[in-house]
Amino acid sequence: MLLLLIIYLAFISLGLPDSLLGSSWPVMHRELNSDIEFAGLVSIVVCSGTVFSSLLSTRLTHRWGTGKVVLVSVLMTAIALYGFSISEHVYGLVLFAIPLGLGAGAVDAALNHFVAVNYQSKHMNYLHSFWGVGATLGPMIMAWFLSQQLGWRAGYANISYLQFALVAVLLVALPLWRRALSQHTSVQPQVTQPLSNRSALKISGVKLQLLTFFCYCSLEMGVGLWAASYLISEQGLSAADAAFWTAMYYLGITVGRFFCGFAASFLAEHQLVRGGLFTLLLGVLMLMLPESPLLAKSGLVLIGLGCAPVYPNTIHLTPQRFGERASQAIIGLSMACAYVGSTVMPPLIGLAAAASSFMVLPLILIGFIGLMLISTERLIRCSSGTAPVKLDIPAA
């Protein structure tokens, strides 16, 4: 149980930096004399580092162990966030975005794999809800520093101190990982050689899952990065108020995933995903209503609630749909497509907004939701995997 708490704490640290740039950028870009769309470039660098480190995570984890990989990764994010706080030019942000992305990708891949292999669906939902705790705390902390006129630099610096404190906790907890590895090795059966990525791509329905992950992470990251700018430019909110409601978006994801952890005992995972997508659609329709700040803020919370079940439940459905032998490769491909969406689409949304207005944001989001509704419904019909679900293994 103690190790599980450490895993949740590490996923909080993963969420802390993810929502900071979007909530602070409306103020940051003016102080750094940068264009509003430059946040897209910073996002590209972060997400590119995430893709790279996630591809290396299997090799790193095999050599050094999950505990050490998580420890070093969180340390990298702490250093990067402190670097943001002292950057005097936007290209300093680009430089520190490299370790931020590398650290985030390694934590994400290592912990997702560990939980997917060793725990039931409820734990995957809870794990991602704790990411939402961090993603909610990040902009809330930033909003407080902005509202107190202390500046975005103080916000980044203090969040980096929280990360450094977590590094100390992870350092002390290293023996727990070694003990858990020993216990898990003694009870898990011999693993069949997994399929290659090329072979996995040939399985019916896999491309639909990859499309789902691409669209989902494009939407989630796009909203996180640009929601504050949308609320300021189209709904007339202040920078501090917009940052606060960006935090409420992430709170919606967090609360929704806690609920999904309980609901997984009563509802099928594909039903949770379907309900999330329709909730997303309702939230975006509320967001796009002109001159309706209250409805826009409520819609942003609904978008967060709708996002909640899509990612974790689709990951956990993979062994059931495609078989356990294929699931490792398919999950890896899915995360790669998710990171590509996170990398490519937010800056493109920023360019589209710069060329017209931020009213294009909800229109783009509706497009993503439509594609996900089509892909997930077709995936339900065409997938018929019957592999047994992995049993829950108690943590050390």
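Start by selecting Gln209, which is found in helix α10 (residues 206-235). Helices here are DSSP runs of H or I with at least four residues, numbered from the N terminus. This is a predicted model, in which local features need pLDDT of at least 70 and side-chain atom pairs count only at pLDDT 80 or more, while totals for chains, interfaces and linings use all residues. Residues are numbered from 1 along each chain as its sequence is written, and side-chain values use heavy atoms, with hydrogens and water left out.

**Gln209 and its surroundings**

Gln209 counts as buried because its relative accessibility is 0%. Buried means under 20% relative accessible area, exposed means over 50%, and partly exposed lies in between (1.4 Å probe, protein chains only). Show the side chain of Ser334 as well: a polar contact of 3.1 Å joins it to the side chain of Gln209. A polar contact is a pair of N or O atoms within 3.5 Å; within protein, one must be able to donate a hydrogen and the other to accept it, and residues adjacent in sequence count only if both atoms are side-chain atoms. Neighbours within four places in sequence aside, Gln209 is in contact with Thr314, Thr318, Arg321, Phe322, Ile330, Ser334 and Leu379. Contact means heavy atoms within 4.5 Å.

**Leu317 in α14**

Next, select Leu317, placed in helix α14 (residues 310-322). Leu317 has a relative accessible area of 8% and is therefore buried. Its contacts, not counting residues up to four places away in sequence, are Glu269 and His270. Draw a C-alpha to C-alpha distance from Leu317 to His270: the two are 8.1 Å apart in space and 47 residues apart in sequence.

**Helix α12**

Now select α12 (residues 269-287). From first C-alpha to last, α12 reaches 27 Å with 19 residues, close to the 27 Å expected at 1.5 Å a residue. The expected span is 1.5 Å times one less than the number of residues. Buried residues in α12 include Leu272, Val273, Gly276, Leu277 and Leu280. To see what covers the buried residues of α12, display elements including α6, α10, α11, α13 (293-307), α14 and α16.

**Salt bridges**

A salt bridge here is a side-chain nitrogen of Lys or Arg within 4 Å of a carboxyl oxygen of Asp or Glu. By this rule the count comes to 3. Side chains of opposite charge can pair when their charged atoms come close.

Arg274 in α12 and Glu377 in helix α16 (residues 360-382) are 103 residues apart, so the pair links distant parts of the chain. Arg274 is partly exposed at a relative accessible area of 29%, and Glu377 is partly exposed at 24%.

Move to Arg257 and Glu220, whose side chains meet in a salt bridge (3.9 Å, N to O). Arg257 lies in helix α11 (residues 239-263) and Glu220 in helix α10, so this pair ties together parts that are 37 residues apart in sequence. Arg257 is buried at 1% relative accessibility, and Glu220 is buried with a relative accessible area of 13%.

For the salt bridge of Glu88 and Arg153, the N to O distance is 3.7 Å. Glu88 sits in the loop between α4 (66-86) and α5 (90-118), and Arg153 in helix α7 (residues 152-172), 65 residues apart. Is Glu88 buried or exposed? At 64% relative accessibility, Glu88 counts as exposed.

**Asn125 and the cysteines**

Asn125 is buried, at 0% relative accessibility. Residues up to four places away in sequence aside, Asn125 touches Arg257, Cys260, Gly261, Pro312 and Asn313. Cys260 is itself buried, with a relative accessible area of 4%. Cys215 is another buried cysteine, at 1% relative accessibility. The whole structure holds 0 disulfides (pairs of cysteine sulfur atoms within 2.5 Å).

**Confidence**

Finally, colour by pLDDT, the predictor's confidence in each residue from 0 to 100. The chain averages 81, and 89% of the residues score at least 70. Residues 186-190 fall below 50, and this stretch has 4 contacts in the model beyond near neighbours in sequence. Residues 385-396 are also below 50, with 38 such contacts.

Terms used. Helices (H or I, at least four residues) and strands (E, at least two) are DSSP runs, numbered from the N terminus.
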